[in-house]
Amino acid sequence: TVLASLVLLPPLLNVNTFRRRITQSVSASLGRPVHIDSVTLNVLPIPGFTLQNFVVEDDPAFSAEPVIRAETVKVTLRVWSLWRRRVEFSRISLDDPSLNLVHRADGRWNIESILLQASKIEAAPTAQSGAGDEPRFPYVEATGARVNVKMGLEKLPIALTEADLALWLTQPNQWELRLEGHPVRTNTAAT
């Protein structure tokens, strides 16, 4: 009966009713307005959610373009966290996102405030084996990303394509970032 309910129940649940709550939670975590078109519940093989048309707006002082845009974001749930009556995510995966990094003349980057906001949230290391007082920070990854760079309002003719990046918390207040991609110039003729 448990397996039957896992198969039959998800179509009956309208998780889009939680879309506004999810959007507000992510916006508060990043310190930027976030838009999500739809949310789908996934039960098998691993419980979680799929977010469609995920957009993180940029600070207008930097750019009018979104800082992050992804067609699909998959969020995997730490099932055992539900036994403690809290929701923890183990992994957040962005498929083919576009990331716009903007550097202003005063030396500031648009991504700084997002990382600073995220660092203010008390979180346990990503790989911590057991649940503690704070929720564990999820492993955040992006595959097939395009990373654009702007100096002020001018988009530079260089970018990273087919980029894979990951962000995780190794120790409290110690972040790790891995980035690998193919640099391209958009101002040269293709041969």
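Of the 191 residues of the protein chain, 36% count as buried, a term that denotes a relative accessible area under 20%, with exposed meaning over 50% and partly exposed the range in between (1.4 Å probe, protein chains only). The model is a predicted one, in which local features need pLDDT of at least 70 and side-chain atom pairs count only at pLDDT 80 or more, whereas totals for chains, interfaces and linings use all residues. Residues are numbered from 1 along each chain as its sequence is written, and side-chain values use heavy atoms, with hydrogens and water left out.

The protein chain has three helices and nine strands, taken as DSSP runs numbered from the N terminus (helices H or I, at least four residues; strands E, at least two). Read from the N terminus, the elements follow the order α-α-β-β-β-β-β-β-α-β-β-β. Among contacts, defined as heavy atoms within 4.5 Å, between residues at least 6 apart in sequence, 47% join residues at least 24 apart.

The largest nonpolar core has 26 residues, of which Leu 51, Phe 54, Val 56, Ile 68, Val 73 and Leu 94 touch the most other members; such a core is a set of buried Ala, Val, Leu, Ile, Met, Phe, Trp, Tyr and Cys residues joined through side-chain atoms within 4.5 Å. Two or more residues of this core are given by each of β3 (48-56), β4 (68-77), β6, β7 and β8. When residues up to four places away in sequence are not counted, Val 73 touches Phe 49, Thr 50, Leu 51, Phe 54, Ile 92, Ser 93 and Leu 94. Val 43, in the loop between β2 (38-42) and β3, is buried with a relative accessible area of 17%, and its C-alpha atom is separated by 9.9 Å from that of Thr 76, 33 residues apart along the chain.

Residues up to four places away in sequence aside, Asn 100 touches Glu 65, Pro 66, Val 67, Asn 110, Asn 148 and Lys 155.

The structure holds two aromatic pairs, assigned where ring centres of Phe, Tyr and Trp (its six-membered ring) lie within 6.5 Å, with planes under 30 degrees apart counted as stacked, over 60 as edge-to-face and the rest as tilted. Phe 137 and Trp 175 form an edge-to-face pair, at 4.7 Å centre to centre and 85° between the planes. This pair links distant parts of the chain, with Phe 137 in the loop between α3 (111-119) and β7 (139-151) and Trp 175 in strand β9 (residues 174-185), 38 residues apart. Phe 137 is buried at 14% relative accessible area, whereas Trp 175 is partly exposed at 31%. Tyr 139 and Trp 168 form a tilted pair, with 5.7 Å between centres and 35° between planes.
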